[in-house]
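User: I would like to learn how to read a few features of a fold from its coordinates. Please take them one at a time, with the general idea before the case.

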Amino acid sequence: MVEKSNRHSTRRSTELQKPRVTDKFLYRAAVKEDEAVILECVLTGFLQTNSLAMAMKLTRNDTFEYLKWVVERSLHTPYSVIVHERSSGKLAGIRLYSVTHRDGTEDFQPFQLDCDSMSENGKLWYNIVHKLDQSIWSLQPDAQKILHHEITFTDPHFQRQGIANHFLNLLNIKQLTAEGIAGLQSEATSYQSQKMQRKLGYIELMESDQSELVYSDGSPIIFPDETKTLKLFFLPLNRMMPKSSL
């Protein structure tokens, strides 16, 4: 019995000593002054690791205007986050959120997005994601205001260290509720992000039709990994445990 007790004690001690992700990484609210760094991170790191972007071989020129619009829009909220490694100061990751409304005229528009000026590939990418994005309102008929998870990126050198899993812990549920936000929306464009959303408690609402994942000549978009389609997820606030804000 004593030996068994010691084993349990050792296990508990090990669990207590397990380092927290915040011991190694500094999370803080992303602000306007971070725009250039975040935009470059999205245009390089995100495009090179996102399954849909890789499948479509998207370039900076294909996506620059739209991604700049997303970054500026996300920095208008107090919820977007930037993460650095404490010891080196290196950028380790980002999470970008925007706030969207059923009445789209209430959404913050950093500038007029000119879809017609996009490349054919860029426009196709935008249309695929935007259609999935806008489906949220018919699928959540009672929601009037939603926190939209735009982009998450973790530098490959810092992956599998809990960075992405910790982002939800930073949201203040009381604050979101007071602002009338019904929950979090996410378009998961890779198999790995879809797995993570389910693990975090997100509800899968729909997936894109395979017939939509094609180029203008009818040829299919071939993903470089296990991704088969895009999925729309939603996390109601009442499924989230109350946490502290940044």
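**Reading a predicted model**

Analyst: Start with one residue and its surroundings. Val 83 touches Phe 25, Leu 26, Tyr 27, Lys 90, Leu 91, Ala 92, Gly 93, Ile 163 and Phe 167, leaving out residues up to four places away in sequence. Note that the model is predicted.

User: Where is Val 83 found, and is Val 83 buried or exposed?

Analyst: Val 83 is in strand 2, residues 81-85. Its relative accessibility is 0%, so Val 83 counts as buried. The C-alpha atoms of Val 83 and Ala 30 are separated by 8.8 Å, although the two are 53 residues apart along the chain.

User: What share of the contacts in the protein chain with a separation of 6 or more is between residues 24 or more positions apart?

Analyst: Such pairs account for 81% of those contacts. The chain has 10 helices and seven strands, and 47% of its 246 residues are buried.

User: Now a pair of helices. How is their packing described, and at what angle do helix 5 and helix 6 cross?

Analyst: Two packed helices are described by the angle between their axes and by the distance between those axes. Here the axes of helix 5 (residues 60-74) and helix 6 (residues 120-134) come within 7 Å and cross at roughly 45°. Helix 5 is therefore oblique to helix 6, since angles of 65 to 115 degrees would count as roughly perpendicular and those under 35 degrees as roughly parallel. The crossing of helix 5 with helix 6 is right-handed.

User: Which residues of helix 5 and helix 6 meet?

Analyst: From helix 5 come Asp 62, Thr 63, Tyr 66 and Leu 67, and from helix 6 Asn 121, Gly 122, Trp 125 and Tyr 126. By class, this contact has four nonpolar, three polar and one charged residues.

User: Where is the kink in helix 5 centred, and what do the buried residues of helix 5 pack against?

Analyst: The kink is centred on Tyr 66 and is about 35°. Tyr 66 is one of the buried residues of helix 5, which also include Asp 62, Thr 63, Leu 67, Trp 69 and Val 70. The buried residues of helix 5 pack against helix 3 (35-49), strand 3 (91-101), helix 6 and strand 4 (145-154).

User: Last, backbone angles. What is the phi of Lys 57?

Analyst: Most residues other than glycine have a negative phi. Lys 57 is not a glycine, yet its phi is positive, about 55°. Lys 57 lies in the loop between helix 4 and helix 5, and its relative accessibility of 66% makes Lys 57 exposed.

User: What is the phi of Arg 160, and where is Arg 160 found?

Analyst: Arg 160 has a positive phi near 60°. Arg 160 is in the loop between strand 4 and helix 8 (163-166), and is exposed, with a relative accessible area of 86%.

Technical notes
Residues are numbered from 1 along each chain as its sequence is written. This is a predicted model: local features need pLDDT of at least 70, side-chain atom pairs count only at pLDDT 80 or more; totals for chains, interfaces and linings use all residues. Side-chain values use heavy atoms; hydrogens and water are left out. Axes are lines fitted to C-alpha atoms, for helices over the stretch in contact, and angles run from 0 to 180 degrees between N-to-C directions. Helices (H or I, at least four residues) and strands (E, at least two) are DSSP runs, numbered from the N terminus. Angles under 35 degrees count as roughly parallel, over 145 as roughly antiparallel, 65 to 115 as roughly perpendicular and the rest as oblique. A crossing is left-handed if the near helix is turned anticlockwise from the far one by less than a right angle, and right-handed if clockwise. Contact means heavy atoms within 4.5 Å. Ala, Val, Leu, Ile, Met, Phe, Trp, Tyr, Cys and Pro count as nonpolar, Asp, Glu, Lys and Arg as charged, and the others, Gly among them, as polar. The bend at a residue is the angle between axes fitted to the seven residues ending there and the seven starting there. Buried means under 20% relative accessible area, exposed over 50%, partly exposed in between (1.4 Å probe, protein chains only).
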